[in-house]
Amino acid sequence: MRHFGLFLLYTIFIVFSLSLTPSKSETCEKGDSRSQRYLLYDVNPGEGFNLRRDVYVRIANLARRLSEADNWVLVLPPWGRLYHWKNARHGEYYPWGSFFDIKSLSKWTPVIEFEDYIKAEGPKIQEAYMLQHYVEGWNGEWVVKYDIRPCLEQHSFRQNSDGSWQGTAWGTNIRVGNFSCLSIQGEASTLIPLITQKDEIRSILVTRAETVLHDEYGGKRYWAARRSMRFAEHLRLEAAKFRAEFLHSDDVSDKTEVTDDWRDFKPKRGTAIGGPYLSVHLRRRDFIYARGNEIPSLKKAAKQLKALLEAKELQDVYIATDAPLEEFAELKDLMEPYKVHQFDPSPEFFDRWGDGGVAIVDQIICAHARYFTGSYESTFSFRIQEEREIMGFPVETTFNRLCGKKAECEQPAKWKIVY
Ligand SMILES: Nc1nc2c(ncn2[C@@H]2O[C@H](COP(=O)(O)OP(=O)(O)O)[C@@H](O)[C@H]2O)c(=O)[nH]1
Ligand SMILES: [Mg+2]
């Protein structure tokens with residue numbers, strides 16, 4: 001009798017749990033985790049950190065359009081060994097959470113880390129496209145189009161005997177059902193018909209994603225995706241510590257407080273005052289060769305900075321730069337008697353967050369200054385200007401740059417925020 005009781009209980013349990021298990025047709029409905037569709041993307045390995053951030057905005061807006069129609073999630077490409085990042089150990093990748101606030105990104109379009117994609121789906125992707133331009137160029141006429149074409153450049157995918165492909169993605173060996181090169185002329189959304197053409201395709205990788213343009217550069221959706229790119233909390237805190245300790249700067253007195261959710265944050269222009277310091281992004285190294293006439297010598301840079309400090313009645317200058325140590329020491333001497341500041345990471349900080357972490361702390365500190373000036377055509381400078389636009393700084397304190405050989409030069413375009 002006791003056994004029968006147990007048996008009954010067991011049967012009830014089984015029947016009950018079966019009734020909770022969805023039938024096969026139910027599992028494939030929109031919104032269910034099994035019907036999840038994944039968009040993965042990558043950028044040309046030669047591109048730097050700040051152009052990659054721009055490509056994110058293009059692709060996040062594509063992903064947003066896809067996710068409005070179906071259960072798409074954007075897979076974030078880990079940060080590998082970038083050209084300027086000297087410290088990254090070979091084979092080491094930083095997930096996006098190292099630098100950005102993932103929750104904040106997800107408030108614009110659903111995102112997951114690549115490692116979570118691998119956990120959920122295994123090391124395989126159904127379709128991969130390497131984007132490229134048309135070998136014949138525009139032919140004098142800009143038409144939006146794409147076509148499968150022979151590959152113009154080398155890639156890491158090799159075909160298996162069964163027709164599938166094998167390659168590596170961010171240090172992981174992956175199997176790809178189908179790989180092709182796609183010549184394209186157009187915006188990110190030009191890819192929508194290709195991505196959605198087959199219902200059974202649930203995972204698509206697009207490499208060389210920088211090949212496609214913004215759908216609306218500087219428009220509402222551009223700024224929404226850009227505003228969602230809040231920095232990771234540990235980097236914000238590190239920058240805040242430096243500002244408080246060395247620059248008499250904090251969000252309350254600088255009027256740079258933001259709301260937790262970027263979607264609620266639309267400050268009136270001119271609200272932000274910034275800390276009592278001048279900030280500069282002084283790009284050196286490859287820029288000296290590539291843009292020589294537009295990048296000042298250290299002497300000329302110091303002269304311009306001193307004039308600005310005097311005009312703004314400030315004593316402190318924060319310098320973000322990729323200059324080698326000896327150049328920085330020379331500049332510091334040239335800046336006498338003003339106080340020069342630079343973020344010097346602790347070994348623990350550097351070990352954990354690397355050059356990317358230091359670059360972002362530099363950008364946050366620059367973004368919070370009373371007045372900012374940058375370097376000609378540097379995407380590093382552009383990203384700082386955007387941060388300042390988001391915080392509501394007066395335009396004239398943001399869109400500035402140092403002149404090179406000529407004493408006067410054209411100032412950067414004012415890409416004002418749109419809500
Ligand atoms: N920490 C720090 N790194 C910088 C600075 N300027 C340039 N870099 C490094 O050099 C890279 C510049 O490349 P990128 O992001 O492509 O910007 P761009 O080349 O100036 O348009 C950054 O990612 C940094 O690694 C700076 O002011 N501070
Ligand atoms: Mg670059």
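The shell around ligand 1 holds seven nonpolar, seven polar and three charged residues. This is a predicted model. Of the 17 residues around the ligand, Asn 50, Arg 283, Asp 362, Ser 378 and Thr 379 come nearest.

**Ligand contacts**

| Residue | Protein atom | Distance to a ligand 1 oxygen |
|---|---|---|
| Asn 50 | side-chain N or O | 2.7 Å |
| Thr 321 | backbone N or O | 2.8 Å |
| Ala 320 | polar backbone atom | 3.4 Å |

Taken alone, ligand 1 exposes 560 Å². The protein buries 91% of that area.

Which elements give two or more residues to the shell? They are helix H3 (49-69), strand S11 (316-321), helix H13 (347-367) and helix H14 (379-391). H13 supplies the largest share, three residues.

Why does ligand 1 lie between domain 1 and domain 2? Domain 1 (33-220) and domain 2 (232-397) both give residues to its shell, so the ligand lies between them.

**The nonpolar core**

The largest nonpolar core has 72 residues. Within this core, Leu 39, Tyr 56 and Leu 191 touch the most other members. H13 gives the largest share here, ten residues. The core draws at least three residues from each of domain 1 (33-220) and domain 2 (232-397).

**Backbone exceptions**

Most residues other than glycine have a negative phi, and most peptide bonds are trans. Several sites in this model depart from that pattern.

Glu 336 and Pro 337 are joined by a cis peptide bond, with omega about 5°. Pro 337 sits in the loop between helix H12 (325-334) and strand S12 (339-341).

Arg 208 is not a glycine, yet its phi is positive, about 55°. The loop between strand S9 (203-207) and helix H7 (220-227) holds Arg 208. Is Arg 208 buried or exposed? Its relative accessible area is 15%, under the 20% limit, so Arg 208 is buried.

Glu 313 also has a positive phi of about 55° without being a glycine. Glu 313 is placed in the loop between helix H11 (298-311) and S11. With a relative accessible area of 71%, over the 50% limit, Glu 313 is therefore exposed. Arg 208 is buried, whereas Glu 313 is exposed.

Methods:
Residues numbered from 1 in each chain as written. Chains lettered and ligands numbered in written order. Predicted model: local features only at pLDDT ≥ 70, side-chain atom pairs only at ≥ 80, totals over all residues. Heavy atoms only, no water. Near = heavy atom within 4 Å. Polar contact = N/O pair within 3.5 Å; in protein donor to acceptor, adjacent residues only side chain to side chain. Areas by Shrake-Rupley, 256 points an atom, 1.4 Å probe, with all protein chains shown as cover. Helix = DSSP H or I, 4+ residues; strand = E, 2+ residues; numbered from the N terminus. Nonpolar A, V, L, I, M, F, W, Y, C, P; charged D, E, K, R; others polar. Domains from an automatic or database assignment. Core = buried A, V, L, I, M, F, W, Y, C linked by side-chain atoms within 4.5 Å. Buried < 20%, exposed > 50% of the residue type's maximum accessible area, 1.4 Å probe, protein only.
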